[in-house]
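These are my notes from going through one structure.

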Amino acid sequence: MGLQPLEFSDCYLDSPWFRERVRAHEAELEKTNKFIKELLKDGKNLIAATKNLSAAQRKFAHSLRDFKFEFIGDAETDDERYIDASLHEFSNFLKNLEEQREILALSVTETLIKPLERFRKEQLGAVKEEKKKFDKETEKNYSLLEKHLNLSAKKKELQLQEADNQVEQNRKHFYELSLEYVCKLQEIQERKKFECVEPVLSFFQGLFTFYHQGYELAKDFNHYKMALQINIQNTRNRFEGTRSEVEELMNKIRRNPQEHKRANHFTMEGYLYVQEKRPAPFGSSWVKHYCMYRKETKKFSMIPFEHRSGGKVGDAELFVLTYCTKRNADTIDRRFCFDLEASDRPGVPVTMQAFSEEDRKLWMEALDGKEAVSIIFQIFFYSAQLDKIGFTIIKKCISAVETRGINDQGLYRVVGVSSKVQRLLSLLMDSKTCNEVDLENSVDWEVKTITSAMKQYLRSLPEPLMTYELHGEFIVPAKSGSPESRVNAVHFLVHKLPEKNREMLEILVKHLANVSKHAKRNLMTVANLGVVFGPTLMRPQEETVAAIMDLKFQNIVVEILIENHEKIFKTLPDATFPEPISMSVSPPNAPPRQSRRQGQRIKRPLAVYNLCLELDDADSHSSPREDTPTGSMDSLSSQSPTPAFSSSPPGLLDGNDLIMSSGDLAGWTTNLPAQSRPSMVSWMNVPPANPAAANAALPTFFFPSPATGTDTPVESVAHRKARAVYPCEAEHSSELSFQIGAIFEDGKY
């Protein structure tokens, strides 16, 4: 049961039960006062904690913004550029979030703290003052009454009458004060219900607004996040392929370092200890130098370097070699020594010490010493050639794969047993047994054995299918330029290949394109096929870590070939296309997204986002994004005007419909620079039977207008055309703005 009401008539009776009810009201107000006091304390602590959290978040954002990844090599892939820029994007996201949190902290003070403090001071404080007066008047009234009752009846009538009047006046004053106090108590009991709760409601409204703003920021960020996940997965896939290549190279060099010596302009280089002679009492000392020799010019240079002293490098010394002779063991107390004589110091030999006898032999051979020893390395290859048998092998393997295993998961990534692969390859490469091998109907050969044999054959060619000569030129466009320029460059270079190489490459790439069309079942998307066949088709002439770092760009070239095979192999390149740029030119590393102005809040997504979402939701027959393996959804080269996939749901095959591809979504959500951004929409090029009727039936597409928050319809007015009914303003320079009546034709504005 709640508090009993205080009746005004009870003020005149002032009964014990009335006093109990007054004390109950007073206790309730005291409890309310303590509650508000504790709530104010917690609210101020909340504000302080919010500010501390905001400061920590901002510091975290600054740390993200100030860091930049370094890359190995002379260029980054598009995926790597997006990953590099992601830290700055995360920083901007946190900055925008903390701006909203700062607004929340200020609103807590204005909407919660100040109103509650005002209520506690003005209302509850006033009741306390009234209580003091009431208690004081109660004491005064009853003290005067007792004193009055103690007056002697023998007093004069005039004195008694004056005393009666005084008591009566005091009683009236007490009753008036009691009435006001009771009224105030009940007023505050009712007032506190909204005076206390309304500020709390305002606080929660501000809190909900903050969380809603966070939700909006996260929603705006979701498209970038999805694209970044693809970039990360693509980079991880390339890393896995690169790591295996690096480990294989490391093991090869570990087994025989001299076989994998890097090709450079020095005939020989390495560490030698050089004898430095001192005056007689001090003898001589041996100092380690890094030495380099060029046989063509006979120039010998050496630089003192000591690893144990923190890698301190001394002054370089250069001289022209006259001759080199081996030091016999009976002439010096050290092993592995030989003498050099410089042309500017005749008769003054310099004694050097190698690390081993084998090392000394190599130096003596390079320096044309008297006892130079030649070391012959033999490299064995399979007898694979681009001849009739080679084409037969590839065609038989492709036919078997497409007949038996086109839907096998991990096709070309799952390897066969090495002994079986070698046996199959030996049978296929023998002209006597090649035609007898039945790959399509025989159960003796697994699909993984056939795919591994085909890859092994391609690796065994004396020269990769895309040749050593053009290797560097193929790599260049993959490192820079717009998607269209990359395709044109690869198109141009493919037609520079020898005829047999181009013919074999066309057969293979056509097959890989067919494999990628079954990616839902075999999981081998264009990006995954690029990882598998990049090193096979474009292996470098020299195995180095730098060459392995270019594997990711080889993969991109293969992706471009697969996605654009019809154009590249069925049409001739533009005769006016310029020669590819030199490898020495560093490609521009343009940031993938343009940062917004400082302090500007992220707005709602533009038309392209909502258009994509609407089509995805309505398109129940099209392939959902989740059906494709993570990281394999889009290849790097798919960020081109050509859609990433051509499958269209029923009802969207009319020539007047606009289709949004997943490649477009990835391109737009990563906010690529304007020169490399793909088309926002693609027009299905199916000529209508009746153009006039087609124009009349053209649908209207709606784009959200940033200025009004409403949908802006874009009305199609002709085949492959669309007209804007309302204007749309872009948020920054990399996005599209247009006015009323703007015409969009063939993907152009």
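Which residues are linked with Lys31 in a network of salt bridges? I found that Glu28 and Lys192 are linked with Lys31 in such a network. For a salt bridge I took a side-chain nitrogen of Lys or Arg within 4 Å of a carboxyl oxygen of Asp or Glu.

Before going on, I noted that this is a predicted model, where local features need pLDDT of at least 70 and side-chain atom pairs count only at pLDDT 80 or more, while totals for chains, interfaces and linings use all residues. Residues are numbered from 1 along each chain as its sequence is written, and side-chain values use heavy atoms, with hydrogens and water left out.

**Entry: salt bridges**

I searched the whole structure and got 33 salt bridges.

Helices are DSSP runs of H or I with at least four residues, strands are runs of E with at least two, and both are numbered from the N terminus. Glu187 bridges to Arg191, with 3.5 Å between the closest N and O atoms.

I then checked accessibility, calling a residue buried under 20% relative accessible area, exposed over 50%, and partly exposed in between (1.4 Å probe, protein chains only). Glu187 is partly exposed at 32%, and Arg191 is partly exposed at 23%.

Lys193 counts as exposed, since its relative accessibility is 51%. Glu190 is partly exposed at 47%.

Next I looked at Glu473, which bridges to Lys496 with the closest N and O atoms 3.4 Å apart. This pair links distant parts of the chain, 23 residues apart: Glu473 is in helix α9 (residues 471-479), and Lys496 is in the loop between α10 (483-494) and α11 (499-517). Glu473 is partly exposed at 25%, and Lys496 is partly exposed at 34%.

**Entry: positive phi**

I looked up phi for Lys298 and found it near 60°, a positive value in a residue other than glycine. Lys298 sits in the loop between β2 (284-294) and β3 (299-306). Its relative accessible area is 34%, so Lys298 is partly exposed.

Asp368 also has a positive phi near 60° and is not glycine. I placed Asp368 in the loop between α5 (357-366) and α6 (388-404). At 43% relative accessibility, Asp368 is partly exposed.
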